[in-house]
Amino acid sequence: MQHANAANRLDRLPISRFHKTTLLAVAFAYFFEFADINSFATTAPKLIDLWGVTVDQVAYVTSLSFVGMFIGSIAAGAVADRWGRKKTLLRTTLFFGFFSFVSVFSWDVVSLGVFRVLTSAGLSAMTVVAVIYVNEMYPAAVRGKYQAYAMVIGICGTPATNLIASLVVPLSDWSWRLVYLWGALGVLLVLFSKHLKESPRWHESKGDHAAADAVLREIESSVTAEKGPLAEPAEPVEEPPAVKAPARLLLQKRYLAPTLLLTVLWVTQTIGFFGYSSWAPTLLAKEGFSVEKSVFYVALTTVGAPLGSFLASLVTDRFERKWCLVAFGTVIALCGLLYGLTFDPVLIVVFGFLVNLFERGYTALAYAYSPELFDTRSRSLGTGITYGIGRLSNAAGPLIIAALYNRTGYQSVFYFIAGAWMVGAVALAVFGPRTRPHRPAVRKPKAVTSAS
């Protein structure tokens, strides 16, 4: 079988029902990732009252969850390269859904912590695979936009969970468990399985051009039936089949710079984002707001999250992604700092809303930007390792935040978080490469003449 030419054949496709169905499936997975990822943060204030959990114990559970995320990210890269993107996406979603369900039956903070570590491993693994999947299945000129569209839908899981938590957590001494049951509904992604296609670019990277061509023909057939004749793709560029990429590959000169840059990006994003979202309900409760009010205020601020992803969809393929990330990171640092300097409920909601808006826009942009810095051979490995190191770094983040809060007070936490965002913004401004795709000229389909 000759070269399947997957990248060029996919890049010249118009957006069709196939792309929209794939978008819906990925968005569904994202929805329950974001629905589940803040479950512990929304139930921690209740557990402080119910089980006598301390701020330090909250820090340890949160910290160990990021160790789980690191393990999941690293495993996802290797498994996605071995099993394929589709199969790994489905299995990692089932994994985190199962352990979120098991969390319902936790009997103390230790058992809940163990289940949250396993859930977090599945959540992070699924995210890595979903990012790679979208990058490989959508045309280069619009993949950033559709990554953001998936986030627009998916990110609604955060305010949905926070609103549900604000309603069910105060009901009784056991109703907090329903928050974890809600997160487990991600397993329903299996309902989309027959509509998802394996990445032809993954088949091609394995040297299996026949399988890649078969998937491409299925996709092209459905797109042609809906949109009409397709443009001719550009000529293929011959590449040797990819072999298993060892971790040391990222130390080579061509991969080292993007690996270091993305490590900084994901470390600062992780500390900045989770430092805010994981601690806001607990710290507000500690500062005198009731559990109900602290959860409710945070729920209101997360309404900005889907709007942020939508904002990213408007700018991601129109402007250089590097500079969009710099601008968003700077705004997050400023608004997050102002959030921490006020105790006025209205201003808490306003600045919290802006933090969520720009942070989720930042994340959508970063999901599109990260895999673009690697080629097919290194994409899964590079994305998984840098994302995983980012998550692992926050094993220390909660401990630092707990120490700052206990020693120097509430506001010092937000100086630390704002500083993390600024470090990421400066690193991107100075070292970030440009990735904005140029629309390639495509050949027009040949005119069909009727027989005389």
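Which residues in helix 6 meet Y367, A368, P371 and E372 in helix 17? They are T127, V131 and N135. This structure is a predicted model, in which local features need pLDDT of at least 70 and side-chain atom pairs count only at pLDDT 80 or more, while totals for chains, interfaces and linings use all residues. Residues are numbered from 1 along each chain as its sequence is written, and side-chain values use heavy atoms, with hydrogens and water left out. The chain holds 20 helices and zero strands. Helices (H or I, at least four residues) and strands (E, at least two) are DSSP runs, numbered from the N terminus.

**Overall make-up**

- Buried residues account for 60% of the 452 residues in the chain; buried means under 20% relative accessible area, exposed means over 50%, and partly exposed lies in between (1.4 Å probe, protein chains only).
- Of the contacts in the chain between residues at least 6 apart in sequence, 87% join residues at least 24 apart, where contact means heavy atoms within 4.5 Å.

**Helix packing**

- Two packed helices are described by the angle between their axes and the distance between the axes.
- Axes are lines fitted to C-alpha atoms, for helices over the stretch in contact, and angles run from 0 to 180 degrees between N-to-C directions.
- The axes of helix 6 (residues 109-137) and helix 17 (residues 345-372) cross at roughly 70° and come within 9 Å, which makes helix 6 roughly perpendicular to helix 17.
- Angles under 35 degrees count as roughly parallel, over 145 as roughly antiparallel, 65 to 115 as roughly perpendicular and the rest as oblique.
- Helix 4 and helix 5 (residues 85-103) pack with their axes 7 Å apart, at an angle of about 135°, and are therefore oblique to each other.
- On the helix 4 side this contact is made by A76, V79, A80, D81 and W83, and on the helix 5 side by R85, K87, T88 and R91.
- The charged end of R91 also sits over the ring of W83, 4.6 Å from its centre; a charge sits over a ring if NZ of Lys or CZ of Arg is within 6 Å of the ring centre and within 35 degrees of the ring normal.

**Nonpolar cores**

- In soluble globular proteins, nonpolar side chains tend to be buried together.
- A nonpolar core is a set of buried Ala, Val, Leu, Ile, Met, Phe, Trp, Tyr and Cys residues joined through side-chain atoms within 4.5 Å.
- The largest nonpolar core has 98 residues, of which Y30 and L265 touch the most other members.
- Helix 2 gives the most to this core, with twelve residues.
- Apart from that core lies another of 16 residues, among them F40, V61, V104 and V168.
- When its neighbours within four places in sequence are left aside, L265 is in contact with L325, Y362, A366, Y369 and L428.

**Aromatic pairs**

- The structure holds 17 aromatic pairs; rings of Phe, Tyr and Trp (its six-membered ring) pair if their centres lie within 6.5 Å, and planes under 30 degrees apart count as stacked, over 60 as edge-to-face and the rest as tilted.
- F28 and F192 form a tilted pair, 5.5 Å centre to centre with 50° between the planes.
- F28 lies in helix 2 (residues 17-37) and F192 in the loop between helix 9 (177-183) and helix 10 (200-205), so the pair ties together parts that are 164 residues apart in sequence.
- F192 is buried, with a relative accessible area of 17%.
- F101 and F105 form an edge-to-face pair, 5.4 Å centre to centre with 80° between the planes.
- F101 counts as partly exposed at 37% relative accessibility, whereas F105 counts as exposed at 54%.
- One aromatic cluster is formed by F28, F31, F32, W182 and F192.

**Selected buried residues**

- I271 has its place in helix 12 (residues 253-277) and is buried, with a relative accessible area of 12%.
- I271 and W421 are 150 residues apart in sequence, and their C-alpha atoms are 8.3 Å apart in space.
- Neighbours within four places in sequence aside, I271 is in contact with S393, N394, F416 and A420.
- D317 is found in the loop between helix 15 (304-315) and helix 16 (321-340) and counts as buried at 15% relative accessibility.
- The C-alpha atoms of D317 and T435 are separated by 9.8 Å, although these residues are 118 apart along the chain.
- V55 lies in helix 4 (residues 55-83) and is buried, with a relative accessible area of 8%.
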